[in-house]
Amino acid sequence: MGVLILLISFSIVVAVGFLLAFIWSVRTGQYDDEYGDSVRILFKDDKPDPPVSM
Amino acid sequence: MENPTFYYDNKIVKSFAYATLFWGVIGMLVGLYAALQFIWPGLTFNIPYTTFGRIRPIHTNAVIFAFVGNGMFTGIYYSLQRLTKARMFNDVLSKVHFWGWQLIIVLAALSFAFGITTGKEYAELEWPIDILVALIWVVFGWNMLGTIIKRRTQHIYVAIWFYIATFVTVAILHIVNSIAIPVSLFKSYPIYAGVQDALVQWWYGHNAVAFFLTTPYLGLMYYFLPKAANRPVYSYKLSIIHFWALIFLYIWAGPHHLLYSSLPNWAQSLGVVFSIMLIAPSWGGMVNGLLTLRGAWDKVREDPVLKFMVVAVTAYGMSTFEGPMMSLKSVNAISHFTDWTVGHAHIGALGWNGFLTFGMLYWLIPVLFNTKIYSKKLANTHFWLGTLGIIMYAVPLYWGAITQALMWKEFTPEGMLRYPNFLETVTQIIPMYATRAIGGGLYITGVLFGVVNIIKTVKTGKFVGDEAASAPALVKAGGKAAGESTHRWLERKPVLFMILAVVVILIGGLIEIVPMYLIRSNIPTISSVGPYTPLELHGRDIYVREGCYTCHSQMIRPFRSETERYGEYSKAGEFVYDHPFQWGSKRNGPDLAREGVVTGRQYKPNSWHYQHMLNPQALNVQSIMPSFKWLISNKLDISTTARKVKVMQFLGVPYPEGYDKIANQDLIKQATEISENLKASGIQCDPDKEIIAVIAYLQRLGTDITRTGPAVSFPLSSNK
């Protein structure tokens, strides 16, 4: 039974850790500049430069 | 400075796209065939390979792992290269992945037809194929992570996170659930038994839905929907929250498949709570997808690609609302074991996965072939046939499910079951099964139109196998840049990111599974419950082989309507020697958990079982069960008895030391008794036939707790 309590409490500690990390990330403006990345996927790929003729 | 030139591998994308269509058609046709068997049971033609018990795993595995699997790889191989601005890590790995996966599909279909199965839903593959799946999956992950590492972009787009979570989680689920001890090349016993096997199986089963049918397709949605609409996802922030919340919550929800079963109540409640919480991230994702189209709904009217995607995302929203509702115990009391589950699954499979796949392919194929879709009109026809098909598939099943569940539960004023004959509740909903089959037929007709349209498109286009692109090389930056936030830094670290994702996933899994092994009180031992006799063990293996669990449950829930119909409700301690558990998830026929209890309502004599397997319709004209007449002519293979007993001993089943050597003596003795009993009823059946073993198993079911005195002991002659 001791192992059970240890496991559950350990798991809850880690889970709460993730929650705190998430709240922290929102508060510190983690996701403020997310617009650019969502737009960049829409850009057409650059095609290679045509060979330069001398 | 000139940017380096590189080439995207379009050939592998094309291969996966063709495989998606090919297996999609096959998988759906098998599904239609299974659906028609509900109306015309004779469609099995009385041969083993076509019975529902063998066809159903072929259908489910083909649609999930072949159709959706290849669909997922099509989308991942296309989008990952563009998102990372890099060719796939290694062309050989890509090819090994592709051909390995197709080989697995063929082996799976063949092995299920031949009755080679573990009897665990969506994980029916036997151990050699399981190992192959694990290897090919690692090849896929290696190829994907290699591509991510050599990428030319700093940022890892949200779709890629979903791909990574898919790879990692499916690998863990598959390995943990498939651990088994081989009896032969084609047969193994899982190391888990009874309640624990059920928990591991549905932890896997539910998360197969989550991480094979959901997360990769969400990744595809976050790439292909914005691409098709040519506008960015509504909220990138929401997509990040969506990802973390979803992978954290999904892994806990498995026990909702086992409500009111013998699973400990705390584990059931945990599953319910997390299932309800899942609405939030799921709907966050749905809203994010639909709102991406804000201001672009005029495009939806014009573009079949967007039509498919809109219905796909809507179906995702519907089934992720319905799922949590079905996880409520009061709703589950009605929905479980009925066609509601089947309807729910098909909203997901036909709507979400199917329509997103076709939306993606209608966008992707013209792009790959530098052309336009051959016929927009045909694509629209496909769309409408599919949509109508989904509705005609699901609505009758919901209707039939509620009808049937209410019939199961209805009592007369005198307190007797109104419909004590299970068959009545099946016959009542046959028209619903017929309508369902029409719905499925419409959907497949649409798919066939789609295939024609795509073939025509391919013919008009010009395919470029290696598409040139250029992008600046990525400047490797180790630590965090000044002013950079941690998540942004993490996004550039795929391996670390993967490890963190594993940690998040494992917390959920461990907290539910580990305690089960630690607390003995979770499996109360019942002194009268003993191991199966060698003959019963063989019978049980035949029960698994024939897929009886696809139509018959072995789990009596603690409701009066069930205890009246079937007998005493099932206890966790009754299943401790069940490798694998056979609780089932759907009742197309009655529950069999107390089949052998002589004083029970379900009890049938040996002769009845013999006649019933030979020709079910001879006993019940309206029965939809197929004939299993080969059991009567097939000789039981007793050469494996010793090995089976040994494996069971290894798994902790208490047969006495050295019993494997004398087990066949007990087997023959018990078989002879049954054969003589049949003879007394006027049936001539040699004791060495498979039917004898099946009868022995069925007559053992549920009897142990009615025994007075100790459990059966071995050898059998030691029992008085």
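Tutor: We begin with burial: a residue is buried under 20% relative accessible area, exposed over 50%, and partly exposed in between, using a 1.4 Å probe and protein chains only. This is a predicted model, in which local features need pLDDT of at least 70 and side-chain atom pairs pLDDT 80 or more, while totals for chains, interfaces and linings use all residues, and side-chain values use heavy atoms, without hydrogens or water. Residues are numbered from 1 along each chain as its sequence is written, with chains lettered from A and ligands numbered from 1 in the order in which they are written.

Student: Is Tyr260(B) buried, exposed or partly exposed, and why?

Tutor: Tyr260(B) has a relative accessible area of 22%, so it counts as partly exposed. Tyr260(B) sits in the loop that links helix H7 (236-250) to helix H8 (265-277) of chain B, where helices (H or I, at least four residues) and strands (E, at least two) are DSSP runs numbered from the N terminus.

Student: What is the phi of Tyr260(B)?

Tutor: Most residues other than glycine have a negative phi, and most peptide bonds are trans. In Tyr260(B), which is not glycine, phi is positive, near 65 degrees. Phe337(B), again a residue other than glycine, has a positive phi near 70 degrees and belongs to the loop between helix H12 (329-335) and helix H13 (339-368) of chain B. Phe337(B) is buried, because its relative accessibility is 2%.

Student: Which peptide bonds are cis?

Tutor: One of them runs from His579(B) to Pro580(B), with omega near -5 degrees, and Pro580(B) lies in the loop between H20 and H21 of chain B. Another cis bond joins Phe714(B) to Pro715(B), with omega about -5 degrees, and Pro715(B) is found in the segment after H26 of chain B.

Student: How many disulfides are there over all chains?

Tutor: A disulfide is a covalent bond between the sulfur atoms of two cysteines. Here the search counts a pair of cysteine sulfur atoms within 2.5 Å, and over the whole structure it finds zero disulfides. Cys551(B) is therefore in no disulfide, its nearest cysteine sulfur being that of Cys548(B), 8.7 Å away. Cys551(B) is buried, at 17% relative accessible area.

Student: Which domains does chain B have?

Tutor: Domain bounds come from an automatic or database domain assignment, which gives chain B domain 1 (5-459 + 487-511) and domain 2 (534-706). Their C-alpha centres are 33 Å apart. Contact, meaning heavy atoms within 4.5 Å, takes 63 residues from domain 1 of chain B and 54 from domain 2 of chain B.

Student: Where is the largest pocket in relation to these domains?

Tutor: On a 1 Å grid over the protein atoms alone, a cavity is a set of points where a 1.4 Å probe fits but cannot get out, while a pocket is an open set with protein on both sides within 12 Å along at least five of seven lines; lining residues have an atom within 4 Å of a point. Both domain 1 and domain 2 of chain B give residues to the lining of the largest pocket, so this pocket lies between them. Its space is about 940 Å³, and 42 residues line it, those closest to its centre being His552(B), Gly589(B), Pro590(B), His612(B) and Met625(B). H21(B) gives the largest share of this lining, four residues.

Student: Which residues lie nearest the centre of the second largest pocket?

Tutor: They are Glu536(B), Gln670(B), Arg700(B), Arg707(B) and Val712(B), out of 27 lining residues. Helix H25 (659-680) and H26 of chain B each give two or more residues to this lining, and the largest share, five residues, comes from H25(B).

Student: Where is Ile556(B) found?

Tutor: Ile556(B) is in the loop between helix H19 (534-545) and H20 of chain B, and it is buried, with 0% relative accessible area. Beyond its neighbours within four places in sequence, its contacts include Tyr566(B), Arg587(B) and Asp591(B).

Methods: Points joined across faces, edges and corners; volume = space filled by probe spheres on them.
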